[in-house]
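Please keep the sequence and the coordinates at hand.

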Amino acid sequence: MSRKIKSCFSRLFPKGAQIIAALLAILLLCGGCSGSSSGTSETVRIGVALYSQDDTFISAVTQQMEQLAREYEDQNGGKINLNLADGQRNQTIQLEQIDRFLDSGCDVLCVNIVDRTAAAVLIDKAVSAGIPVIFFNRQPVQEDLQRWDKIYYVGPKGEQSGIYQGEILLQKWNQEREQVDRNGDGIMQYVMLEGEPGHQDALLRTEYATKPLIENGVALEKLASDTANWSRAQAVSKMKQWCQEFGSSIEAVIANNDDMALGAIDAMKEMGIDPLPMVVGVDATAPALEALEEGSLLGTVQNAPDMPEILLQLSLALATGQEVPETITIQDEHYVWLPYHKITKETIRQIVP
Ligand code: GAL
Ligand code: CA
């Protein structure tokens with residue numbers, strides 16, 4: 001194996017996975033082992049079905065996957081075909097895309113399912129075709145994942161991101177009470193911008209974000225809460241209404257993701273709310289990190305930063321019928337849980353270079 005290929009592996013595949021990844025590449029390059037139905041042994045074909053390509057976080061994940069795949073190809077000569085399909089938030093459209101992926105001989109599917117309660121039909125199609133499925137970011141119910149042993153879910157545990165948001169607010173509340181408890185009543189008046197109804201992250205973040213505050217004896221008053229469907233534009237209009245209703249009595253804005261946190265900031269700036277209340281989001285998108293540096297966003301939570309790499313590694317292993325790399329821990333036979341990271345202005349440099 002050339003030095004060039006080895007150095008690629010050290011970058012793409014950390015620690016123990018390197019050995020397995022090296023074996024995998026040899027198998028891919030030698031041919032005859034791809035498990036591919038068409039017999040094109042140097043090419044691994046991954047069908048990536050997205051719930052919506054215009055979602056900020058999801059498009060960042062897919063861009064990173066594409067970049068990693070290109071790096072992998074450049075370095076070892078094997079080919080990874082990443083076929084992306086935009087489900088346009090429509091389960092029927094997404095199922096047609098899955099049919100096309102299966103008909104065209106994909107080796108493995110990565111699915112960001114539109115309706116996470118409707119995975120059974122999709123799984124049955126994959127089982128009939130004998131093609132493994134890795135769900136990510138939008139978590140199907142457990143019974144569906146258990147339909148076959150080649151079905152996985154890759155993602156973080158939503159409750160952790162909520163807890164981190166609560167901890168960020170708690171720290172600020174304890175350290176700068178006079179500034180953040182604007183009316184000085186010892187109660188944190190907050191509004192909650194929720195993600196898409198029924199999404200596990202929306203449900204769990206909403207539930208868990210207040211827990212660290214309650215557990216530490218902070219009295220809370222919820223002024224308002226509503227869904228803005230992960231959307232910056234919807235958050236702007238929701239927040240404008242709340243600004244009209246509550247003005248500067250809002251002391252904290254808890255948003256289930258960064259796009260909505262940024263929408264809230266846009267609205268408050270437009271409505272002349274100054275200083276801004278505490279605002280927290282999740283995802284650590286590029287514009288959110290800018291807002292953090294600027295000081296308008298108090299904190300965010302990095303959303304499974306290693307997801308693109310894990311999706312690729314697991315896809316390659318499943319497509320070629322190889323053992324899953326040791327660096328990937330599979331729990332309860334189907335779940336690969338990835339970490340979140342808490343980010344504030346003080347810690348941003350430790351996380352994002
Ligand atoms: C969440 C993320 C949101 C949105 C959603 C899509 O984890 O925080 O911004 O991308 O996934 O399923
Ligand atoms: Ca107060």
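The questions below go from the overall chain to its ligands and then to single residues.

This is a predicted model, in which local features need pLDDT of at least 70, side-chain atom pairs count only at pLDDT 80 or more, and totals for chains, interfaces and linings use all residues. Residues are numbered from 1 along each chain as its sequence is written, chains are lettered from A and ligands numbered from 1 in the order in which they are written, and side-chain values use heavy atoms, with hydrogens and water left out.

Q: How many helices and strands are there in the chain?
A: Helices (H or I, at least four residues) and strands (E, at least two) are taken as DSSP runs, numbered from the N terminus. On that basis the chain holds 15 helices and twelve strands.

Q: What percentage of the residues in the chain is buried?
A: A residue is buried under 20% relative accessible area, exposed over 50% and partly exposed in between, with a 1.4 Å probe and protein chains only. Of the 353 residues in the chain, the buried share is 55%.

Q: Among contacts between residues at least 6 apart in sequence, what share joins residues at least 24 apart?
A: Contact means heavy atoms within 4.5 Å. For the chain, the share joining residues at least 24 apart is 72%.

Q: How many residues apart are N183 and E251, and where do they lie?
A: N183 is in the loop between α8 (177-180) and β6 (187-194), whereas E251 is in the loop between α11 (232-246) and β8 (252-255). N183 is partly exposed at a relative accessible area of 46%, while E251 is buried at 1%. The pair links distant parts of the chain, 68 residues apart.

Q: How much of the accessible area of ligand 1 does the protein cover?
A: Oxygen atoms of ligand 1 lie 3.0 Å from a polar side-chain atom of R138, 2.8 Å from one of R205 and 2.6 Å from an N or O atom in the side chain of D283. Accessible areas come from the Shrake-Rupley method with a 1.4 Å probe; for residues, only the protein chains shown count as cover. On its own ligand 1 has 310 Å², of which the protein covers 99%.

Q: With which side chain does the side chain of N303 make a polar contact?
A: N303 is in the loop between β10 (299-302) and α14 (307-320) and is buried, at 5% relative accessible area. A polar contact is a pair of N or O atoms within 3.5 Å; within protein, one must be able to donate a hydrogen and the other to accept it, and residues adjacent in sequence count only if both atoms are side-chain atoms. At 2.9 Å, the partner side chain is that of D283.

Q: Is W230 buried or exposed?
A: W230 is found in the loop between β7 and α11 and has a positive phi of about 70° although it is not a glycine. With a relative accessibility of 9%, W230 counts as buried.

Q: Which peptide bond is cis, with omega near 0°?
A: P275 lies in the loop between α12 (258-270) and β9 (278-280). The cis bond runs from D274 to P275.
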